Number of protein chains: 2
Amino acid sequence: MTTIRVVLAGLGNVGRGVLSILISQRDLLAARYGLEVLVVGASDSSGAALDPAGLDLGRLLALKSERGKVAEFPGGLPGLGGRHLIERARGDLLLEATPVNLQHGQPGLDTVRAALDHGMGCVLANKGPLALAYGELAAVSDLSDVDRPRLRFSACVGGALPTINLGRRDLAGARILGVEAMLNGTSQGILRAMEQGQGFAEALAEMQRRGIAETDPTLDVDGWDQAVKLVILANAVLGRPTVLGDLRVRGIREITRDDLAAAAARGERIVHLGRAERPAPTADWVLDVGPVSLPAAHPLARMGALEMGVIYRTDISGTLHATSEEGDAVPTAAAMLRDLIEISR
Amino acid sequence: MTTIRVVLAGLGNVGRGVLSILISQRDLLAARYGLEVLVVGASDSSGAALDPAGLDLGRLLALKSERGKVAEFPGGLPGLGGRHLIERARGDLLLEATPVNLQHGQPGLDTVRAALDHGMGCVLANKGPLALAYGELAAVSDLSDVDRPRLRFSACVGGALPTINLGRRDLAGARILGVEAMLNGTSQGILRAMEQGQGFAEALAEMQRRGIAETDPTLDVDGWDQAVKLVILANAVLGRPTVLGDLRVRGIREITRDDLAAAAARGERIVHLGRAERPAPTADWVLDVGPVSLPAAHPLARMGALEMGVIYRTDISGTLHATSEEGDAVPTAAAMLRDLIEISR
């Protein structure tokens with residue numbers, strides 16, 4: 001049995017999902033992979049709790065489900081976070097699930113850098129550090145040729161949907177000719193609910209209640225969440241050094257129920273789509289995010305309200321299409337667990 | 001640059017696809033992976049051709065496209081195959097794409113055993129050896145805990161569709177609750193063409209003309225091709241030691257155009273489906289292959305004539321669904337290339 005000492009930064013929907021699956025999959029991890037996972041530190045915006053013998057996950061989950069603060073947990077340290085959290089907790093692996101910030105990437109970016117400095121592995125669900133420091137972080141990830149990758153981020157690009165793994169591993173040897181993706185559950189849920197007659201605000205509130213939409217939905221409905229995912233995909237899969245400013249990004253706030261009904265009358269469906277296309281085989285990629293009216297039979301138009309999906313068109317591997325149906329944040333936590341297992345073996 | 005010396009056994013649709021992509025992806029393999037692939041031996045049922053400096057792939061492809069015999073190629077050796085081919089060719093890696101045989105697994109099984117005996121890596125597109133010697137072969141594959149897996153077979157379970165990779169890597173940490181799959185292009189093509197008014201024989205002939213259906217379509221339309229794929233999936237992904245005799249297998253020969261029209265009138269579609277289900281969470285898996293009438297909105301009912309697909313329902317990773325659209329045998333060859341790249345790094 002190998003024991004992995006984990007520091008969990010961020011106890012929102014995804015972080016609580018991590019706690020719940022570390023409880024529910026404990027026996028499976030031991031039996032299938034010979035892994036025992038101890039959470040030796042956990043943080044939220046109030047501070048952190050540390051326990052070298054492993055925090056009581058059930059008790060911590062109960063506290064956070066009642067909107068408690070981890071600083072008030074037994075062993076709690078108000079204000080502890082970032083580099084200090086890493087130095088005090090002394091873990092093997094960081095699970096980073098703090099909120100996305102696209103201006104400065106904090107607190108995630110400093111926490112990740114500190115963990116790497118201390119030789120820890122890192123698993124990210126937070127896209128902010130990658131959006132702002134892609135080159136620095138990719139150099140120590142499974143995207144580089146380092147023998148022992150120390151950073152993985154499969155949860156960043158579509159939750160449990162293995163968007164990056166499909167593009168890099170399963171299409172190894174192929175040339176990708178084009179990518180279409182719908183990788184934002186909030187936008188998808190809102191558009192599909194509006195087709196059923198709900199208003200934008202009503203549909204958004206429902207997404208927030210279920211823990212799919214963030215309290216601040218700006219990144220989702222204005223397209224920036226998908227734009228960051230497309231930036232990561234362009235760098236990691238297409239091999240194109242890409243920053244947010246390279247993309248044309250449009251949101252879905254101006255889409256009305258009338259627009260959706262008109263699309264349906266045409267045999268189409270409006271989808272909040274991210275695309276990477278090349279006007280010619282050797283031309284630069286054109287990357288954009290925005291609402292697109294697709295034929296109803298298009299695989300990304302056929303998706304339900306809880307699905308995300310990606311399509312890769314290739315030269316020798318045909319067309320590969322994958323979708324994931326996720327009703328809450330647990331599958332995103334499961335993607336972090338898949339990275340943890342790989343990095344720990 | 002790393003040079004990989006390959007022996008290609010089998011020069012049917014898939015083997016010719018391997019020749020064509022080793023030509024078309026030569027520059028990509030060098031630039032992206034630092035790999036040069038030399039085919040130092042190639043065999044068909046007539047014999048083999050050997051060249052330690054690498055056979056002329058374009059010339060070999062032209063010969064086989066004109067239904068020529070490799071024994072008549074420069075350097076050709078009539079009757080050479082199996083263990084003798086491996087001993088004479090002295091390669092690093094075997095690409096095995098000879099026809100499936102479910103009685104004795106030959107000539108593939110002996111060739112694979114000889115290659116493993118000589119320390120070569122093996123990439124299989126031929127399911128026969130796995131169907132008959134799963135345990136023996138899995139022990140040296142990426143399914144085992146060996147440090148350096150020497151055998152991969154992702155082309156065996158749905159061509160370019162990464163059926164096994166999804167189940168083992170991308171759902172690592174999750175419990176699989178159920179699997180549904182449609183992994184036979186011939187059956188799918190025939191049923192969808194019959195919906196458009198074609199007869200069974202006419203639709204089958206069209207599949208054969210395109211190189212999707214085998215000359216002997218028995219394994220496809222009677223369900224045995226999918227049954228073998230489900231056996232591999234049950235062993236490799238579900239962890240259930242499984243042999244063909246464990247499955248209930250039915251084909252599509254008795255499905256009529258009237259049946260398909262009646263399903264459509266009910267808002268359903270008949271799909272040749274492989275399924276793994278558990279009646280209760282701790283009960284044994286029930287495995288079957290047969291025509292099933294699915295609701296038209298079911299992801300595997302929505303697929304087109306050239307698509308194959310799989311659905312994994314899980315406890316923590318939501319529902320993962322992937323489809324692959326493949327118009328000929330090249331994507332299956334591309335799956336062999338993906339395995340070659342992984343095994344060579």
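This is a predicted model: local features need pLDDT of at least 70, side-chain atom pairs count only at pLDDT 80 or more; totals for chains, interfaces and linings use all residues.
Strands here are DSSP runs of E with at least two residues, helices are runs of H or I with at least four, and both are numbered from the N terminus; two strands pair if DSSP finds at least two bridges between them.

Residues are numbered from 1 along each chain as its sequence is written, and chains are lettered from A, with ligands numbered from 1, in the order in which they are written. Local features need pLDDT of at least 70 and side-chain atom pairs count only at pLDDT 80 or more, while totals for chains, interfaces and linings use all residues; side-chain values use heavy atoms, with hydrogens and water left out.

**Inside the sheet of chain B**

Select residues 93–96 and 121–124 of chain B. These are strands E5 and E6, which run parallel and are joined by 4 bridges. Within this pair, B:Glu96 stands opposite B:Leu124 of E6(B).

**Helices on the sheet**

Angles run from 0 to 180 degrees between N-to-C directions, and axes are lines fitted to C-alpha atoms, for helices over the stretch in contact; contact means heavy atoms within 4.5 Å.

Next select residues 108–117 of chain B, helix H5. Of its 10 residues, 7 are buried, so H5(B) is largely enclosed by the rest of the structure. Buried means under 20% relative accessible area, exposed means over 50%, and partly exposed lies in between (1.4 Å probe, protein chains only). Which residues of H5(B) are buried? They are B:Gly108, B:Leu109, B:Thr111, B:Val112, B:Ala114, B:Ala115 and B:Leu116. Their cover includes H4, E5, E6, helix H6 (128–138) and E7 of chain B.

Now look at both ends of H5(B). After the helix comes B:Gly119, with a positive phi near 80 degrees.

One more stop in chain B is B:Arg67, in the loop between helix H3 (57–65) and E4. B:Arg67 is not a glycine, yet its phi is positive, about 60 degrees. This arginine is exposed, with a relative accessible area of 76%.

**Chain A as a whole**

Switch to chain A, which has 13 helices and 13 strands. Its radius of gyration is 20 Å, close to the 20 Å that the globule rule gives for 345 residues, so chain A is as compact as a globular protein of that length. The radius is taken over C-alpha atoms, and the rule is 2.2 Å times the number of residues to the power 0.38. Buried residues make up 60% of the 345 residues in chain A.

Colour chain A by domain: domain 1 is 2–160 + 330–344 and domain 2 is 163–325, with bounds from an automatic or database domain assignment. The contact between them takes 18 residues from domain 1 and 18 residues from domain 2 of chain A. Taken over C-alpha atoms, the domain centres are 27 Å apart.

**Two loops in chain A**

Select A:Gln106 and A:Pro107, which are joined by a cis peptide bond with omega of about 5 degrees. A:Pro107 lies in the loop between E5 (93–96) and H5 (108–117) of chain A.

Then go to A:Arg90, in the loop between H4 (82–89) and E5 of chain A. Although not a glycine, A:Arg90 has a positive phi of about 55 degrees. Is A:Arg90 buried or exposed? A:Arg90 is exposed, at a relative accessible area of 66%.

**From chain A to chain B**

Finish at strand E13 (residues 319–325) of chain A, where 5 of the 7 residues are buried, so E13(A) is largely enclosed by the rest of the structure. Strand E12 (residues 307–314) of chain A runs antiparallel to E13(A), with 7 bridges between them. A:Gly309 has A:Thr323 as its bridge partner in E13(A). The two strands form a hairpin with 4 residues between them, and A:Gly318 in the turn has a positive phi of about 65 degrees.

Now show chain B again. Another 7 bridges join E13(A) to strand E13 (residues 319–325) of chain B, and the two run antiparallel. Select A:His321 to find B:Thr323 of E13(B) opposite.
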